[in-house]
Amino acid sequence: MMRLRCSVFAVWILALASTPLWGDNYIVHLAITIAMYSTLAISWNFIGGFAGYPSFATSAFFGLGCYVGALTQRAGLPVSAAWLCATAGVGIFAGLFGLIILRLRGHYFAIASFGLVEVLRLVISSSDSLTGGGDGLNVPLFHGGPDFVARIFLAVMVGIMVIAFAVSILVDRSRLGFGLRCIEQNEDAADMVGIDTTRYKIVAFVLSAMFCGTVGGAYASWTGYIDPTDAFDAIMTIKTPVMCMLGGVGTVLGPVAGSASFLLLEEFFWSHFLAYNRAILGAVIVIIIFFLPGGLLGIADGKGPRASFRRSLGRWLKGGPVAVP
Amino acid sequence: MLYVQMLVNGIMLGALYACLAIGFSLVWGVLNVINMLHGSLLVLGGYLTYTAWHDYGVHPLIALFAVAFALFLLGYAIQRILINRVVDMPVLVTMTLTFALDLILYNFMIVYFTATPVRVTLNLGVIDAGGIFVPVDRLAGMVLALLLTGLLYVVLRRSRIGRAIVAVRMDRSAAMLMGIRVEHIYAITFGIGALMAGATGAVFAMVYPMTTDLDFTFLGKAFIVCIIGGLGSVQGALVGGLVLGLVESIAGQFLGPQYALTAGFALMLVLLVAMPTGLTGVKGFE
Amino acid sequence: MKFVSRHCLWLAFASAIAVMALSGAPAQADDVIKIGAPLALTGPLAVESKKQEVVWNMWVAKVNASGGINVGGKKMNVKLVEYDYQSDGQRAAQLAEKLITDDKVNFLFAPFGSGHTKIVASVAERYQMPLIACSSSAETVYNQGFKYLFGLLAANGASNAIIVKYIKTKAPSIKSIAIYGRDDVFPKSMASGVAEAAKAAGLNVAYNNYYPVGTIDHSSGLSAIKAAKPDWIYVTGYTSDLILIRKQMSDLGVTAPVVTMVAGPAYKEYTDALGNLANGITSWTWWHPAVNYQGVGVWPTTQSFVKDFVAKEHVEPDYIHASCAAAGVILANAIERAGTLDHQKVRDALASTNITTFYGPIKYAANGLNEAGSIPIIQIQNKQIKVLYPDGVKNADLELMK
């Protein structure tokens, strides 16, 4: 089973990494975006999927990563060192912040993590001597032709995605993963049977932040310009969990499947329905929630998509609750 | 003098914040749903009021009631048809669902109303109380906000349906056993939430220029007010709103306008950790 | 076997979506010049972006009706390829790349505002794709060494000096200024620029603060300004901010002999939403329908553009309309002079542009800013926009506010 998952993932990585060979740079750009969001979704899955904590802090970590990466690069550090700084900086920040907010549960945790995005955006935009405030920051552009730059960043983003995936598999199989799942099921019980819930949660939170930081740093170098509104984006912070839900929350492959299909769908609506693309995206999310409660991998778990769809539709028409995810 | 003006500004702003958050707080408290749609419903209320006033010459105060009623129906339908079916699921599901509905509503609003800033211009003038300026439309907005809040309080306390809502909020299973139709009560509650959003939107349109992209700004305020004040109660929203209004006003004065919004959010984070039940001590769901 | 089928299913689904997403690119005709336009049709910049969309379509229709653009002796029609990037910078970069590599557009128009122009410009630069920016004036966009970026608006720095000088000359009693700016690329650079210009001109800067994006109440900032008793209040922001600030100024009794707001009052929405409160507000803009230029392109005079626009939209055009329509005119002119669609040659032709259009004179400095751009200073008098400066086109004098 695990071997199969890994091979499916490997095929997918090959498909992404080989885009420069068969597609134009737009396809490569899309592949980079997919790898970037996949990393965000895999990261979110540590805290949101395994531990069941509804985190909406993705953008906070991503944005912080953007700024740490940009600032260290501007201070003269080489690019790769800047990305490492972004990773470490965001990881440490998440550890400290997690100490405080992981005492909250459910809705309160959700709001606190959501609030973090907003607070960081405001703090960054009001400390303009350091961050340029609303003016944004320029990051030294990569030199070289568009093909070269696209390939570099494809390699970087896919690389980060592979590392994140590998960590996710390790966590899934380790004691940590087991402990997190216990916390997801029943935190008090987990505590009682001797799981150090606080430590586990903090580790999961840090894991969920680190790679967002790396990706943020790489993103800043890729675009060459960041500003607070783009770095701390409220939509991104909600999109990431949605992607995981689409794929299947708490599974290893779910975030990867979810982010890929979500982005491809989004791309399709974007280029074909100019005026109503957001509404269609919203409708797709509604359909996912009602008719694909276990995500795409969940369909495959049941007896095929049609059965699952019909089952949900039947329940929906009767007015009862739709299946539990 | 400056300080008195600062307090007056804060209180008037706070009353609007309270009114803005009350529907959100009620839905969260009773249904345990974080309603991401709330901001857009507010904007919708504002734009409908503006359209009624600008295109059909209806006085905004009359339009307010029609708009509030229309939003009640919309809210009832949304809850009955969609949210009721996932209401017991984890917060992630309900929050995402309401976010998706928000995307849909937002998209239709931007197509039909466009993003042009609009304002209901009443020109009611300003009261000058010895150097303290009190704009009449804001004062009226504040009074209206307090009236609506008071009305909701009375409805929740005195009417059959209100008592049923309170009963469901306190103990759902017990309420079910007493023969309360929980699904209906849920839908009514969400309807009231939407009604309050619509009415507040109408009040806002008289005071602020409305644009479609204010939805997330309003939603953010509702979050903060709920956390500061405590969930699901009228008093909580009132306290939370006034505190937030004063904090923003005072921080804007002493720290500079850059920090006014940051101060509100920072207060929210501190309270979340230190006092998750909010200042009024009403406990929400875990 | 069970697992195999399950993953096959997933792969099948993914590839189905992939095919769906990537198919349907329109067939390409060889005799059409394609211009890509990432637009913010939804999100906070929707109002401004819709204006761009309107005039670009107007320009395309006008050019095609006149037979197209002459490219080295061959008349070619123009086609606009547009996408909604939802006011989201990441999206803007992605769509710029899509336009260049997937839709294979020949040239790009930049989106609204300095921030997103900068993002798109860095993509265009990589592809050596000429990019015409009709709505960004912040120097920070043009000091990045971009070689393929060409703007239309006059630079902010020059504008600030002009307005400070004008106000000082016309109202010598003015000694102090309060500056209140939105913390966002363009409005912020306007606010900080005017602060410098005012200091240089010997004015006392009595208050100078920024408000964050998303502020819906300005009481505290305005109360502080009131306490500072400035002679001149200078506010920057986008239209909805400025409407709210003007309204709250009157609510709180904040007045000064001169109140300047940038860049809302040039738009009709501003006066519509404020009514009489709009009276007396000064502003400056990059263009106004009252100016009168004769020049090259499908609109030979300012009047002909205004007439076309009013016939289509039933309102007077503002500077965004004009500068974005002029972006088309400049591009067409450069293509005709280059006689080819080759990016490098058109880029060189753009760089050597020295023409007058209905919008005004255009001549590029090395950094891509239009150094010939002028800035009319305007004041709303009796709900009408009057031009105070430059002398050639003025139709009113500065009135002080009480």
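Okay, before anything else: when I say "domain" today, the bounds come from an automatic or database domain assignment. And keep in mind that this is a predicted model.

Let's start with chain C. Chain C splits into domain 1, covering 32-154 + 290-363, and domain 2, covering 157-285 + 376-393. How far apart are the centres of domain 1 and domain 2 of chain C? Taken over C-alpha atoms, 29 Å separate them. The two domains of chain C do touch: 15 residues of domain 1 are in contact with 14 residues of domain 2. On the domain 1 side of that contact, α4 (114-127) and α5 (139-142) of chain C each bring at least two residues. Sort that domain 1 side by class and you get seven nonpolar, five polar and three charged residues.

Staying in chain C, have a look at strand β7, residues 176-182, and strand β8, residues 204-211. They run parallel, and seven bridges join them. To find your place, C:G181 sits opposite C:Y210 in β8(C).

Now over to chain B. Helix α1 (residues 2-31) and helix α9 (residues 215-229) of chain B have axes that come within 8 Å and cross at roughly 75°. Angles of 65 to 115 degrees count as roughly perpendicular, so that's what we call α1(B) and α9(B). Who makes the contact? From α1(B), the residues include B:Y17, B:F24 and B:W28, and from α9(B), B:F218 and B:K221 are among them. By class, this helix contact has 10 nonpolar, one polar and one charged residues.

Key: Residues numbered from 1 in each chain as written. Chains lettered and ligands numbered in written order. Predicted model: local features only at pLDDT ≥ 70, side-chain atom pairs only at ≥ 80, totals over all residues. Axes fitted to C-alpha atoms, helices over the stretch in contact; angles between N-to-C directions. Helix = DSSP H or I, 4+ residues; strand = E, 2+ residues; numbered from the N terminus. Parallel < 35°, antiparallel > 145°, perpendicular 65-115°, else oblique. Contact = placed C-beta atoms within 7 Å. Nonpolar A, V, L, I, M, F, W, Y, C, P; charged D, E, K, R; others polar. Pairing = 2+ DSSP bridges.
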